[in-house]
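Good morning, and thank you for joining this group meeting. Please look at the sequence and the structure on the screen while I go through the main points.

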Amino acid sequence: MTAAMTMLPALCCSSSVDRKMSSLLPAVLFEPLSCGKRGFDDVNEHYFSRKSLTCWDKFYKRHQNKFFKDRHYLEKDWGKYFSDGDDGAISANGKVLLEIGCGAGNTIFPLIAAYPKLFVHACDFSTEALTLVKEHPNFNGDQINLFICDVANDELCEKILPSSVDIVTLIFMLSAVSPKKMPFVLQNLKKVLKPNGHILVRDYAVGDSAQVKLENKNQMISNNFYFRGDGTCSFYFSEDFLSALFVKAGFGTVDMNIYCRQVENRFRNMAFQRRWIRAIFTKIDS
Ligand SMILES: C[S@@+](CC[C@H](N)C(=O)[O-])C[C@H]1O[C@@H](n2cnc3c(N)ncnc32)[C@H](O)[C@@H]1O
């Protein structure tokens, strides 16, 4: 069974939960913000976009570290970005990686096992997620700098040195952010990335079966942006949207493609057309 397959039943949780969430919507849609550093931006945001942190905290309380599988495919596809010598040369220090929205650590733990010299900064805005990372048997505070940060609101430069990071990973993370806040996230990352550093992105692509399902359930917030039954949000990227977003923020596109797979759920006798996007961007020094 693939990770994608296990994702589906849990994300599309029971219709009674969906109905409960939907019935909440009209009354709370314009609920005033109680706090927030960039609250002026949030006033017009959708209820579930503003409640993102609460919903992700609940997600990790409920699923713990059982929801996502370790992402071993990252080494296969992007190994050369993580290895310490680009040309096979042996160096004293490994690369510096920043994993944004690290969740329970399904990206970072396979990477530190494969690249023992890698130094990892890992952040998430959910304290529940960070607790799961800290409790992982392979957590090592000398190799992983774990910190709390809402990258759509807080300055990363206050947590790590400017221009100090070789690679940033955004693995199913950018889709959790409102498209209105994505430009801020990219500017935030740009400040801590070294000149010619890279951002590696994997995320949901337009036309994914999960998007079709959310569309049919009327759970759209804005174009290609939806809330799920558990209140977490998800954006579905086209190549044009993603590349325009990064180019406008001062990045160059190194590689980008959409990949598709039919995932079968034998138990429900159904097949799903999953679509994901993967892309590599580089910081164009200014
Ligand atoms: C789908 S999970 C991906 C987790 C991880 N990257 C992995 O590979 O398994 C998305 C993560 O992004 C985090 N997240 C969403 N919005 C965030 C924000 N504004 N700042 C920091 N983390 C955020 C969520 O808490 C969640 O852990």
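**Overall architecture**

The secondary structure of this chain consists of 11 helices and 10 strands. Please keep in mind that this is a predicted model. The chain has 286 residues, and 36% of them are buried. If we take the contacts between residues at least 6 apart in sequence, 72% join residues at least 24 apart.

**The sheet**

Let me turn to the sheet. Seven strands form an open sheet in the order E3-E2-E1-E4-E5-E10-E9, and the pairing is mixed. At its edges stand strand E3, residues 144-148, and strand E9, residues 251-265; each has a single partner strand, so one side of each is left without a neighbour in the sheet. On average, neighbouring strands here are turned by 15 degrees against each other, direction ignored.

We now move to particular pairs. Strand E1, residues 96-100, runs parallel to E4, and four bridges join the two. Within this pair, Ile 100 has Leu 170 of E4 as its bridge partner. Helix H9 packs on the sheet, where it touches E1, E4, E5 and E10. The direction of H9 makes about 140 degrees with that of E5.

How many residues of strand E5 are buried? Of the 12 residues in E5, which spans 193-204, nine are buried, so this strand is largely enclosed by the rest of the structure.

On one pairing, E5 is joined by six bridges to strand E4, residues 165-171, and the two run parallel. Here His 198 in E5 is the bridge partner of Ile 167. Between E4 and E5 the chain passes through helix H9, residues 182-192, and this β-α-β crossover is right-handed.

The other pairing to mention is with strand E10, residues 270-283: seven bridges connect E5 and E10, which run antiparallel. In this pair, Asp 203 stands opposite Ile 277 of E10.

**The ligand site**

Finally, I come to the ligand. Which residues are closest to the ligand? They are Trp 56, Gly 101, Gly 103, Asn 106 and Thr 107, out of 22 residues that surround the ligand.

Strand E5 pairs in parallel with E4 and antiparallel with E10. Thank you for your attention.

Notes: Residues numbered from 1 in each chain as written. Predicted model: local features only at pLDDT ≥ 70, side-chain atom pairs only at ≥ 80, totals over all residues. Near = placed C-beta within 6 Å. Buried ≥ 20, exposed ≤ 12 C-beta atoms within 10 Å, placed from the backbone. Pairing = 2+ DSSP bridges. Right-handed = clockwise from strand over helix to strand, strands pointing away. Axes fitted to C-alpha atoms, helices over the stretch in contact; angles between N-to-C directions. Contact = placed C-beta atoms within 7 Å.
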